[in-house]
Amino acid sequence: MLRIFIRFIKTYFLWELLRGLALTGSRLFRRKFTVQYPDEKTPKSPRFRGLHALRRYPNGEERCIACKLCEAVCPAVAITIESEEREDGTRRTTRYDVDLFKCVYCGFCEEACPVDSIVLTDIHEFHFEGREGTVIDKAGLLAIGDRYESSIATAREHDAPYR
Amino acid sequence: MNFLQFSFYLFSVILIVAASLVVTVRNPVKAVLYLVLVFFSAACIWLTLEAEFLAIVLVLVYVGAVMVLFLFVVMMLDIDVARLREGFTQYLPAGLVIAGVMVAELAVVMLSGRFSLDAIPRPVGRGADYSNTRELGLVLYTDYVYAFEIAALILLVAIIAAISLTFRRRGGTKVQVIAEQLRVTKADRLRIVKMSSEITDGEKSQ
Amino acid sequence: MLEVFVEIWHSLPLVLQVGFKIAAILFPLLAMVAYYTFAERKVIGYMQLRVGPNRVGPRGWLQPIADAVKLMFKEIIIPTNAERQLFLIAPVLALAPALAAWAVIPFTDTLVLADIDASLLFVLALTSLGVYGVIIAGWASNSKYAFLGAMRSAAQIVAYEIAMGFALVGVLMAAGSLNLREIVLAQAGGFFQWYFIPLFPLFVVYLVSGVAETNRAPFDVAEGESEIVAGFHVEYSGMAFAVFFLAEYANMILISALTVIMFLGGWQPPLDMAPFTWVPGIVWFFGKLALVAFLFLWFRATFPRYRYDQIMRLGWKVFIPVTLVWIGVIGAAKFFTPFGFLFS
């Protein structure tokens, strides 16, 4: 009897709705979780897969040997490679294009590469302002590699114990 | 011509134009909307007669509720104008005769002198503290209380009759009992099972 | 210096005086509407542990202006086979009643544009007109989603208007007047004189019906995004959409103002004592208005959307009987028992 009475009172005074309001009301004063993105950034994993780069050996020689494993493994067929024999008799690429619109950033190319040449850097803030520029050629990839070599190397070093 | 006369003629012109559009316009939805305009202009004319209660109630009841339901029905209908016009010439004579009779009747009533300016004196302007609503209420609930209550009762009977005539229970319809739904508690619907997050050796062997 | 202005004011023709008064109400109202949208985004953000818009201007204060500018420069697309005139008239029909009703709202004892005798009825009549904008928009768009949204919204508005009207009948029985100013004056003398205490069921019904009437969450099935995209204004873009948006928020502020006047004592201070009476009445009025307006946002941040048949059930089978019973209680108490003083 008392229970029915209490339920009656609760229904008419909208008890459960008030409890819901109390919950959201208390959240009004909590600390907010929002990351103010361009000003604040969350830490990124060393395994982060962003923009592509081609690396060089410390002596300046490019690593890529045009084995075309990356081209073969790429699920999105984003990589195009052509190769030729260089004067010194080694096999090198004459063309190494990555179509960034096709790429799904899976990182298989990096996994497949026997000489750690193609890598995915942690750069994710890049954009295009036109139809052109969505395909990066070999020179561009090498330039990115040269520019971010130190951060690429530290990321690989951090990740090494877990591979 | 003072402001009052100007507004009277303005609203009258709008009213008459809208009323004639109600019957001539082809689209039924637009006809209903013109009818709304008619009611609204009529309410404005009543306002100039200091009948603010009636004017506002006209807007509130007819424009705000009745016409909305009208619009509802008309919008849902798929009216074929061509088929409606099929028997137009056939029924025209009968329609004209009926219209003529109605006009004649109205003319007889209007010209009988009961509605002339002498028979109905010009309404006196009241002060600002005169409440139309209060006066109307006083008259309704004292002098005409029986008529008023009987009218209310007839309306109530009409509502119930309309509902009971159209209301039928069909078999096989599914109904929710909201009170039962509300009475449900967590214990009725949810069973919490305790289990460890990893498979223990004992469970593996099974 | 001040006398000069007063003299200039009195020398102006009446039409101009009224025009200036209307402008003095409308422009702050529209600014309030703009910043109400901003407040909504901020409050709901805060309740969801986010920070809300904070990029345009200091702490995001210019966000509504940026929104308005964006909407103004967008193209108004009129769908093929839409009723052109009705399509364009509909947003105006939605906004006009929401603004016109402010003519009779008393901000303080003396500050009211038109102190008419039946102002309560006037407000009721005007709010009942708002539904036309919705219906016409839905029909003229020539789109099934818009039409469904319009049907839902119209049925909902008509249903809840009755409950609202009955709740107000209770207020006018308690106050014995149809004049909004006199209704507030009848609540003078501290918060225990305000009508929300003796008329508590009607207060709740009015507030909830107000939320339903303005098609706000949790009663926003008219624009239920998950089912019918955006309801009656799917086909609207640019400024035409903005006018609908303005109408919705203007209606919310109007309902808040009416709640304050009917149940929360209008411009009266909560206690008729020294520190409270120092604050001018208009501050109390807008303070209470902000409180009720905040409730609208709080509801939206808290409750999930009602199912449509339950909305109809709540309106017809719960609210209308509750109001009718309480009106009967007030009437009986006032005229047959010595407890009538409780309700006046």
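This is a predicted model: local features need pLDDT of at least 70, side-chain atom pairs count only at pLDDT 80 or more; totals for chains, interfaces and linings use all residues.

**Ring pairs in chain C**

Residues are numbered from 1 along each chain as its sequence is written, chains are lettered from A in the order written, and side-chain values use heavy atoms, without hydrogens and water.

I counted 28 aromatic pairs over all chains (ring centres of Phe, Tyr or the six-membered ring of Trp within 6.5 Å). F87(C) and Y236(C) are one such pair, stacked at 4.1 Å centre to centre with 5° between the planes (stacked means planes under 30 degrees apart). F87(C) sits in helix 4 of chain C and Y236(C) in the loop between helix 9 (225–228) and helix 10 (238–263), so the pair ties together parts 149 residues apart in sequence (helices are DSSP runs of H or I, at least four residues, numbered from the N terminus). I also noted a cluster linked by ring pairs: W194(C), F196(C), F200(C), F203(C), Y206(C) and F263(C).

**Chain C against chain B**

I found 28 residues of chain C and 26 residues of chain B in the contact (heavy atoms within 4.5 Å). I looked for salt bridges and got 1 between these chains (a Lys or Arg side-chain nitrogen within 4 Å of an Asp or Glu carboxyl oxygen). K30(B) and E83(C) form a salt bridge at 3.0 Å, N to O.

Methods. Rings of Phe, Tyr and Trp (its six-membered ring) pair if their centres lie within 6.5 Å; planes under 30 degrees apart count as stacked, over 60 as edge-to-face and the rest as tilted. Helices (H or I, at least four residues) and strands (E, at least two) are DSSP runs, numbered from the N terminus.
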